[in-house]
Structure formats: C-alpha cells, structure tokens
Amino acid sequence: MSYMALYRKWRPRTFEEVVEQESVVTILKNAVTQNRVAHAYLFSGTRGTGKTTLAKIFARAVNCLHPVDGNPCNECEICRGILNGTILDVSEIDAASNNGVDNIRAIIEDSVYASSVARYRVYIIDEVHMLSSGAFNALLKTLEEPPENVIFILATTEPQKLLPTILSRCQRFEFKRISREGIAGRLRLICTETGIEATDEALAFLADKADGALRDAISLLDQTSASTQGKITLAAAREATGSLDRVFLWDFTAALTNSDARRLLELSHTIFSDGRDPSAFIKELMTVLRNMMVVMTVTDPSGLIYEDAEGIAQLKRLAEGRRPGEISLLIQELARLDNNLKWAVSRQIVFEAGVLSIADRKWSPDTASLETRLSEVENRVADLVEHGLAVTAAAPVARTIPAAEVAPAIAPAEVEPEPAAPWDDPAPAAIASEPTPEPVPVSEPETPPAEVPAPETNIAPGGAVRKLTRPEWDRFLNAMEKRGQMSMLTWYMDSTAQYELPGDRVLLAFKDDMTVSIFRKSTDANLKTAGECLQEVFGRPMEQLFALEKDAEQTIDAANKEAAKSGEQPGAAAALTVPESVLTSPGPDPADAAAEQSFRNGAEYFQKLSEKMNFPIEWK
C-alpha cells in the first residue's frame with residue numbers, strides 16, 4: 001500500500017513529540033536515564049491520548065543502544081528492528097482477540113526465555129480489560145515476579161474493570177484528554193509540513209469534533225483534505241465530517257428558544273429526510289447552546305469557543321433576552337431527549353415530540369425542581385418588565401360591598417388586579433403594553449359603604465360565594481413552598497378554581513376525578529400543613545373541600561340559596577347546607593369498579609411520589 005494514513009505517519013517517535021502528557025513523559029524518561037525501570041506499568045485513559053504510542057517509545061528507549069537524554073535514537077539496529085517489527089523481543093498483543101487462558105499461558109511460557117537481541121523483553125498488552133477472569137488469574141503471579149529483563153506494559157481505556165490484584169502490581173499512569181488547543185496546534189504542524197492549506201477556524205472545529213482524542217482529529221483532517229481540492233475552510237470541514245451547516249443550527253436554536261413549533265417541525269423533517277443522526281445533531285445543538293452561555297457570561301469568548309467573528313455575533317443575537325439558567329435547563333432537557341432516543345422505536349416521532357415539549361418549557365421534574373422552574377418563570381417575567389413590557393390584565397369591574405364584608409382576613413390595600421398567568425411566557429411581539437388601572441380607595445369599616453373595584457368573576461350571583469383572587473392563591477402556594485411541601489404543592493397546583501364559602505370553608509375545584517379522590521382519601525395529617533397555609537392567608541382556620549368542576553357548580557348554587565335564606569355574607573360562621581354527595585363523599589362508589597381502580601392507581605402513584613420526596617403519607 002503506497003499511501004499511509006496521516007495518524008500512522010505522524011505517530012510520535014520520541015517523548016518530546018507526545019502532546020500534553022508531560023507528567024507521564026517525565027517519569028518514563030527519568031526511569032530510562034536513572035536505570036530505574038519497573039517490571040509492570042499500567043497506562044489508562046481515553047482513546048487517542050497516546051497510551052500505545054508511549055508504550056512503544058518506552059520499549060525502544062529501554063533497549064536503545066545510543067539513547068539521547070532518555071529518548072530512543074531511532075537509528076540504531078535495535079530501534080530500527082523494533083520499528084519495522086523484525087525484532088521479536090518487543091511484542092504487542094491485542095487482548096480483545098487474545099483474551100483466553102491459553103493466550104496468557106503462551107506469554108508466560110515464552111517469557112522464561114532470555115531475550116534474543118534486545119536488553120529487555122517487552123510485552124505490550126492493549127485493551128487489557130478484555131481479558132477473562134481466568135486469564136487475569138493466570139497472569140497474576142508472573143506479573144508480580146516476572147523473569148529478569150521482562151517488562152509488562154498494560155494499556156486500557158477502562159481501568160475500573162481490572163482486578164485490584166492487577167492494579168496493585170503495576171505502576172499506574174493516567175493519560176488525560178488532550179485540550180482543543182493542543183490538538184489544533186498539532187494539526188497546524190501537520191498541515192505546515194504536508195502543504196495542506198487550512199483556516200484556523202476549520203482546524204479548531206476539527207479539534208473540537210475530536211473530543212480530546214488526537215488520533216481522531218488527525219483522521220478527520222485526513223478525511224477533510226481528501227474531500228477538498230483547495231483550502232480547508234470551516235464550511236468544508238463541516239461538510240466533510242457530516243455536520244450540519246451552522247446556519248441550520250442557528251435557525252433551529254432560534255426556533256427552540258422562541259417556541260416556534262411550526263419552524264421546529266420543518267427543520268426536524270429536514271434532519272431526517274437528509275438521513276442525519278438525531279443524536280449527533282442534539283450534540284451539536286447542545287454545543288451551540290453552551291456557546292450561547294459563554295457569550296452571555298464572558299466579555300471575550302474567543303478563547304473558549306471556536307467561532308469566527310460572524311459566529312460570535314450571531315451567538316450574541318441568539319442570547320439576547322435569555323438567561324444562563326434557562327439555557328442550562330434547555331441543555332439538560334436535550335440530554336434527556338438524547339437518552340430517550342436510544343430506546344425509541346420511531347426516533348423521528350420521539351425527537352419531534354421532545355423538541356416541541358422543550359420549546360414549550362415543559363421541564364421534567366427529573367431535570368429541574370419546582371423551585372428552579374418557578375424561578376425561571378419569575379426571571380422571564382422580570383426580563384419582560386425590564387424591557388418595558390407589561391402583561392395585560394383584565395379590567396376590574398366595580399361593585400358595591402357592605403362595610404361589614406370588607407373586614408375578614410385580607411386588608412383592602414392588599415387586593416390587587418389579577419395579572420395574566422406569567423407561565424404563559426408570551427413572545428415579546430405578542431405582548432401589549434397597557435397602563436395598570438389606578439386602585440380605588442376603600443372606606444374604613446365605620447364609614448358608609450363604598451364602591452370598591454373587584455374582578456367580575458370573584459363574586460357569584462347572590463354574593464354568598466367568593467372566588468379567590470390570583471394573588472390570594474399565589475400567597476397560599478408560596479406558603480406551601482416555604483414549608484417544603486413540594487409533593488403536596490404539585491397536587492394543589494392542579495386546582496382550576498378556588499372559592500370561599502360561608503362557614504369558613506374553601507372549595508377547591510379540579511378537572512381530574514383521581515386527584516379529587518386522592519385528596520378525599522388523605523388523612524388530616526396530610527392536609528394539616530395546607531390548612532395552616534390557608535389560615536395564614538385568611539387569618540382564621542378554614543375547612544378544605546374538594547370537588548370536580550361540575551360538582552363545584554352545584555355546591556356554589558346550594559351555598560347561594562342557603563345564604564339568601566339566612567342573609568349570610570362570605571366569611572360568616574353560619575353552617576352551610578350542601579349536598580353530602582358533593583362535599584363529604586368518602587370517594588368513588590365501591591360498586592363502580594372503574595372509579596375504584598382509578599383511585600387505587602392514583603394512590604399507588606402518590607405513595608411512590610411520597611417515598612421519592614421523603615414525605616410521609618397516611619391513608620384513611
């Protein structure tokens with residue numbers, strides 16, 4: 001074969017040519033110069049970091065007839081014989097294909113003989129972790145006390161698979177991953193010596209693509225130079241390595257951060273129609289998001305990311321209006337999606353569903369805690385306010401409230417107009433700025449009744465039942481969060497509406513009958529903390545009632561009729577007569593097998609959730 005691959009042609013032949021393994025090189029050179037050669041060495045590290053290369057250099061150095069400062073001369077008869085494989089005193093064995101007891105027994109039997117030409121017999125066993133248990137045990141005694149002038153060099157990428165008895169018999173050296181700067185510098189040297197023209201951005205991209213493995217980077221350079229007739233540019237390097245164009249990546253990133261579902265589906269279709277690997281694309285997308293975090297936090301990102309001036313400018317535009325915490329959550333969710341793709345039957349469907357969910361900011365509890373997710377929502381709203389944007393709120397409608405009704409638990413000054421839900425996170429273009437209506441002062445209790453603004457939906461016809469305002473409900477949720485009741489808080493957040501009923505009662509409406517069943521089956525101990533939080537909001541103990549949305553309407557009607565007869569107002573202590581089947585039902589009818597099974601499934605899920613959150617649950 002006339003052509004030799006670049007990674008073979010440019011394999012280091014002296015210690016000085018090895019890239020970024022200074023600590024290992026220094027020890028091995030000193031061992032040669034001071035004649036302190038051990039009988040067994042273990043080289044461990046990721047692929048392409050120089051384990052086998054250093055083993056071969058060391059094998060020549062200990063046998064060289066004219067060593068130069070610990071380096072092999074590569075010119076004497078011994079060095080040339082080892083390089084061309086004519087001297088059998090240095091053997092390289094692949095443990096992946098020679099991993100049996102018989103293979104190790106052959107090495108042991110051969111090692112008892114004296115070397116034929118060289119000073120030392122050197123056995124380089126590559127991928128030693130592939131040896132069987134029997135082969136390891138057979139090697140133990142010889143590895144501990146080998147014959148004179150025999151050296152074992154074991155190389156592995158997975159040292160954790162080796163027996164402790166093997167590790168204790170070797171001098172162990174850890175090979176670190178090579179930095180992108182070191183790889184790019186070596187690629188530049190190869191290009192200069194071989195006459196290959198390449199831009200710094202292209203070499204930096206290849207170095208980043210190699211992920212710490214110099215051999216991979218040289219192979220990518222060889223592949224790219226073969227596909228390019230002229231100068232190697234960044235675009236040519238991306239094309240030759242099968243990477244998507246960075247404009248496509250920027251477009252996808254913009255669609256993801258701006259929650260553009262239509263554009264995401266179009267770009268996802270392009271990925272699969274072009275036969276791209278979605279996992280490889282996710283990795284490149286995560287790199288773009290990581291670079292966005294860099295430009296958001298570092299004044300001069302040129303030393304941390306490998307992009308030209310145009311690329312850095314585009315990353316800064318993508319990062320406008322974003323926070324590092326939000327980008328970090330996006331990266332974590334993409335990592336979860338990549339893991340799910342490994343087991344997906346239809347990778348395209350799973351990929352599209354995953355990116356749409358991420359675009360909607362539906363963070364997984366495994367990725368971010370409730371506190372983190374709420375914090376990101378608050379930060380997002382703060383950013384909108386900082387940029388002069390306001391969330392549109394429903395205009396309040398005035399109604400007459402008797403003075404006696406204004407007293408219960410919440411001071412009039414605390415009543416606020418209900419804002420739109422911050423978690424909707426509307427795009428800036430869709431947000432309309434609107435002046436907030438001025439609050440209307442409320443008269444003191446001893447003065448005649450006054451007009452007070454209040455949301456139209458807060459009071460049902462008849463004035464007996466009052467719907468809680470959003471600030472009131474938020475205060476309750478915040479109180480639950482401060483007490484660390486995250487598991488129960490998740491269930492309370494599913495409530496679609498909340499009402500204050502006469503008789504110091506609070507009615508919570510839900511869409512899901514399973515959630516209502518779980519609350520009704522819960523003991524007082526489970527609901528104790530929530531009761532304390534309600535008392536903190538209302539200023540008095542409140543009884544909790546749970547119902548479906550349709551049943552809640554029946555309850556409200558019954559409360560209004562009862563209040564009309566007795567003349568009670570919200571917050572009064574009078575008893576409320578409502579259908580027992582609505583409020584105090586023990587749960588699903590035992591005769592209804594489907595409803596009972598639904599409750600059991602919910603109870604089992606709730607119990608597992610409580611164990612995970614370390615929150616005790618008791619059941620009636």
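What follows is a chat about confidence, salt bridges, cysteines, a helix and a sheet.

Colleague: Before the details, what am I looking at, and what are the ground rules?
Modeller: It's a predicted model, so local features need pLDDT of at least 70 and side-chain atom pairs count only at pLDDT 80 or more, while totals for chains, interfaces and linings use all residues. Residues are numbered from 1 along each chain as its sequence is written, and side-chain values use heavy atoms, with hydrogens and water left out.

Colleague: What's the average pLDDT for the protein?
Modeller: The protein averages 76, and 73% of the residues score at least 70. pLDDT is the predictor's confidence in each residue, from 0 to 100.

Colleague: Where is confidence lowest, and where is it highest?
Modeller: Lowest in strand E6 (residues 397–401), with a mean of 35, and highest in strand E1 (residues 40–45), at 92. For the naming, helices (H or I, at least four residues) and strands (E, at least two) are DSSP runs, numbered from the N terminus.

Colleague: Switching to charges. How many salt bridges are there?
Modeller: The count comes to 26, where a salt bridge is a side-chain nitrogen of Lys or Arg within 4 Å of a carboxyl oxygen of Asp or Glu.

Colleague: Which residue does Glu284 pair with?
Modeller: Glu284 forms a salt bridge with Lys209, and the closest N and O atoms are 3.7 Å apart. That pair links distant parts of the chain, 75 residues apart: Glu284 is in helix H14 (residues 278–297) and Lys209 in helix H9 (residues 200–210).

Colleague: And is Glu284 buried or exposed?
Modeller: Buried, because its relative accessible area is 12%, and buried means under 20%, exposed over 50%, partly exposed in between (1.4 Å probe, protein chains only). Lys209 counts as partly exposed at 32%.

Colleague: What about Asp69?
Modeller: Asp69 has a salt bridge to Lys29, with the closest N and O atoms 3.8 Å apart. Asp69 sits in the loop between helix H3 (51–63) and helix H4 (77–84), and Lys29 in helix H2 (residues 22–33), 40 residues away. Asp69 is exposed at 55% relative accessibility, whereas Lys29 is buried at 15%.

Colleague: Which residues make up the salt-bridge network?
Modeller: Arg466, Glu472, Glu500, Asp504 and Arg540 are linked in a network of salt bridges.

Colleague: Cysteines next. How many disulfides does the search find?
Modeller: It finds 0 in the whole structure, taking a disulfide as a pair of cysteine sulfur atoms within 2.5 Å. Cys79 is in no disulfide, and its nearest cysteine sulfur, that of Cys76, is 3.4 Å away. Cys79 is buried, at 0% relative accessibility.

Colleague: Back to H9. What do its buried residues pack against?
Modeller: Helix H8 (180–194), helix H10 (214–227) and helix H11 (234–240). Among the buried residues of H9 are Leu203, Phe205 and Leu206. Just after H9, Asp211 takes a positive phi of about 60°.

Colleague: Last topic: what's the strand order in the open sheet?
Modeller: E8-E9-E10-E11, 4 strands with mixed pairing. Two strands pair if DSSP finds at least two bridges between them.

Colleague: Which way do the pairs run?
Modeller: Strand E9 (residues 497–501) and E10 are antiparallel, joined by 5 bridges, and Gln498 has Leu508 in E10 as its bridge partner. Strand E10 (residues 505–510) and E11 are parallel over 6 bridges, with Ala509 opposite Ala547 in E11.

Colleague: Which strands stand at the edges?
Modeller: Strand E8 (466–467) and E11, each with a single partner strand, so one side of each has no neighbour in the sheet. Helix H22 (residues 524–538) packs on the sheet and touches E8, E9, E10 and E11, with its direction at about 105° to that of E11. For that angle, axes are lines fitted to C-alpha atoms, for helices over the stretch in contact, and angles run from 0 to 180 degrees between N-to-C directions.

Colleague: How much of E11 is buried?
Modeller: Strand E11 (residues 543–548) is mostly covered, with 5 of its 6 residues buried.

Notes:
Contact = heavy atoms within 4.5 Å.
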